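Open the model in a viewer and keep the sequence at hand. The stops below say what to select and what is there.

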Amino acid sequence: MDRVGIPNVHINAFLSIAESVGSNRIVFGGNFTSPTGNPDLPLEREKVYRRKIIDKVLEALQTNVEKSTIFTVDEAKED
């Protein structure tokens, strides 16, 4: 999609898979069963974490990339 001018972002918990399929913008999400959150967190913290992921996606969409680029929300993945 990027090649035809449509920026896109792949939210994924498995970076190697996202890279191997050729994703240009990769946001390192939660875990396998919930890449856009962490249901183990208390509800209010989980809402904040989900928002951080979406904010990172919006940042990634606005970033010009030439090759696979990984965007992270934070190192702890909000555990």
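Which pattern does the protein chain follow, read along the sequence? The pattern is β-α-β-α-β. The model is a predicted one, and its secondary structure comes to two helices and three strands.

**The whole chain**

Start with the protein chain in a cartoon view. Along its principal axes, the C-alpha trace spans about 40 × 20 × 20 Å. The radius of gyration is 13 Å, which agrees with the value near 12 Å that a compact globule of 79 residues would have. Of the 79 residues, 29% are buried. Among the contacts with a separation of 6 or more, 47% are between residues 24 or more positions apart. Switch to a surface view: the chain exposes about 5,300 Å², and carbon and sulfur atoms supply 54% of that area.

Next, select Asp2, in the segment before strand 1 (10-12). Is Asp2 buried, partly exposed or exposed? Asp2 counts as partly exposed because its relative accessible area is 24%, and the buried class needs a value under 20%.

Now show what Asp2 touches. Leaving aside residues up to four places away in sequence, Asp2 is in contact with Pro7, Asn8, Asn24 and Arg25. With one of these, Asn24, the side chain of Asp2 makes a polar contact of 3.3 Å. With Arg25, the side chain of Asp2 forms a salt bridge, at 2.7 Å from N to O. This pair links distant parts of the chain: Arg25 belongs to strand 2, Asp2 to the segment before strand 1, and the two are 23 residues apart. Arg25 is buried, with a relative accessible area of 5%.

For another view of the chain, draw a distance from Asp2 to Leu41. The two residues are 39 apart along the chain, and their C-alpha atoms are separated by 34 Å.

Select Lys47 and Glu44. Their side chains meet in a salt bridge of 3.6 Å, N to O. Both residues are in helix 2, and because they are three residues apart, about one helical turn separates them. Lys47 is partly exposed at 42% relative accessibility, whereas Glu44 is exposed at 54%.

Then move to Lys56 and Glu59. The closest N and O atoms of this salt bridge are 3.3 Å apart. Here too the residues lie in helix 2, three residues apart, so about one helical turn separates them. Lys56 is buried, with a relative accessible area of 18%, while Glu59 is partly exposed at 39%.

Zoom in on Phe32, which lies in the loop between strand 2 (25-28) and helix 2 (43-61). Phe32 counts as exposed because its relative accessible area is 63%, and exposed residues are those over 50%.

Key
Residues are numbered from 1 along each chain as its sequence is written. This is a predicted model: local features need pLDDT of at least 70, side-chain atom pairs count only at pLDDT 80 or more; totals for chains, interfaces and linings use all residues. Side-chain values use heavy atoms; hydrogens and water are left out. Helices (H or I, at least four residues) and strands (E, at least two) are DSSP runs, numbered from the N terminus. Buried means under 20% relative accessible area, exposed over 50%, partly exposed in between (1.4 Å probe, protein chains only). The radius of gyration is taken over C-alpha atoms; the globule rule is 2.2 Å times the number of residues to the power 0.38. Contact means heavy atoms within 4.5 Å. Accessible areas come from the Shrake-Rupley method with a 1.4 Å probe; for residues, only the protein chains shown count as cover. A polar contact is a pair of N or O atoms within 3.5 Å; within protein, one must be able to donate a hydrogen and the other to accept it, and residues adjacent in sequence count only if both atoms are side-chain atoms. A salt bridge is a side-chain nitrogen of Lys or Arg within 4 Å of a carboxyl oxygen of Asp or Glu.
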